[in-house]
Amino acid sequence: MKRFVVASGAMAFAVLLIGALLEPLPSGVDLRVAVAANMTASGVEHPVTAVLLNFRGYDTLLEIAVLLLALIVILASGIDTTSDRSRATSSILQTLARLAAPLMIVVAVYLLWAGAFRPGGAFQAGAVLASAAVLLHLTGLLPSWQAPLLTLRWGLTAGFLIFLAVAAGLLTQGSLLQYPPAQAGMLILLIEVGLTLSLGLILAGLFLFLSRDPGDDS
Amino acid sequence: MSSGLLFACVGALLFAMGIAGVILIGNLLRRVLAFNVMGSGAFLILVGLAQRNDVPDPVPQAMVLTGIVVAVAATALALALVRRLHALTGKLELPTDEI
């Protein structure tokens, strides 16, 4: 009975939503015009990067804060006592992972650099870095992380702190996160480098802290 | 129908399937998955509607990029809590309280 009610309710919701989507929506404000008009002042050439790091920098600042918060809560939730896994390690996998990891780092740097003028940027680069770490962990080359030491803590928080420092430093210029157009490109690149490093470490940490063993003291 | 609208309609279907899954499924791992299906539906609607016209709107795309990263963080947090519950009670379902 419950299944039937929920399923038919969801179906009705989907039909209503699709009906609303198919109606030509009158758009009150066209953001494409606003973005295109301000592209020259943004410091980058790709509109998505300009929106992410300049026009709507608040979103990105809060996003890295949310990621950091999730990681802190995961660290605070404690170590499992039931975790026994047999890790399949074959030499072919390990060799391929050793070959792939440096290439992935190069790809991450390229994505970071390309974000200024084509699709790419800090998030994609951070995801590639994190997947390199996860790949090395799954092939048994990188042990899972225990409680983070000082260096790792600085690395995890660097992106957020750099972003916050830039935002606070610009308060003297007027409002929060309003870059002067002349230095906007350099500031965005600085923030993106910090974000890439921290995002890679945080996303890898979400996996590697979760997969730690209580008896693993490496 | 343009391909953008088709994406948006598929997103609406995914969202509805995700809602039904979150309500109906008791197993927490599958419920987290259903929640992710819901999120993917919302992202598809945003991206699909952003490219209704010829020039895609960059603002929803940037919002989806932000949303994906936050969804990853939320999923990892949910999985950590599920693992903790499994370690404490040995079950993958929320305890039902009888009233």
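Helices (H or I, at least four residues) and strands (E, at least two) are taken as DSSP runs and numbered from the N terminus. By this assignment, Leu6(B) lies in helix α1 (residues 3–24) of chain B. The model is a predicted one, in which local features need pLDDT of at least 70 and side-chain atom pairs count only at pLDDT 80 or more, whereas totals for chains, interfaces and linings use all residues. Residues are numbered from 1 along each chain as its sequence is written, and chains are lettered from A and ligands numbered from 1 in the order in which they are written.

A residue is termed buried if 20 or more other C-beta atoms lie within 10 Å of its own, exposed if 12 or fewer, and partly exposed in between, with C-beta atoms placed from the backbone. Leu6(B) is exposed, because 12 other C-beta atoms lie within 10 Å. Its C-alpha atom is separated by 9.3 Å from that of Leu49(B), 43 residues apart along the chain. Ala87(B), in helix α3 of chain B, is partly exposed, with 15 other C-beta atoms within 10 Å. The C-alpha atoms of Ala87(B) and Pro56(B) are separated by 47 Å, the two being 31 residues apart along the chain.

Contact between two residues requires that their C-beta atoms, placed from the backbone, lie within 7 Å. On this basis, 36 residues of chain A are in contact with 32 residues of chain B. On the chain A side, two or more residues are given by each of α1 (2–22), α2 (31–42), α3 (47–55), α4 (57–76) and α8 (184–210). The most come from α1(A), with eleven residues. For residue classes, Ala, Val, Leu, Ile, Met, Phe, Trp, Tyr, Cys and Pro count as nonpolar, Asp, Glu, Lys and Arg as charged, and the others, Gly among them, as polar. The side of chain A that touches chain B has 25 nonpolar, five polar and six charged residues.

Helix packing was described with axes fitted as lines to C-alpha atoms, for helices over the stretch in contact, and with angles from 0 to 180 degrees between N-to-C directions. Angles under 35 degrees count as roughly parallel, over 145 as roughly antiparallel, 65 to 115 as roughly perpendicular and the rest as oblique. Across the two chains, α8(A) and α3(B) pack at an angle of about 10°, their axes 10 Å apart, and are therefore roughly parallel. Here Leu203(A), Leu206(A) and Leu210(A) meet Val72(B), Ala76(B), Leu79(B), Ala80(B) and Arg83(B); seven residues of this contact are nonpolar, none polar and one charged. Within chain A, α5 (residues 91–114) and α6 (residues 122–138) pack at about 170° with axes 8 Å apart, and so are roughly antiparallel. Their contact comprises 16 nonpolar, two polar and no charged residues.

A nonpolar core is a set of buried Ala, Val, Leu, Ile, Met, Phe, Trp, Tyr and Cys residues joined through C-beta atoms within 7 Å. The largest has 53 residues, and those with the most contacts inside it are Val51(A), Ile74(A), Ile202(A), Leu203(A) and Ala76(B). At least two residues of this core come from each of α3, α4, α5, α6, α7 and α8 of chain A and α3 (58–89) of chain B. The largest share, twelve residues, is supplied by α8(A).
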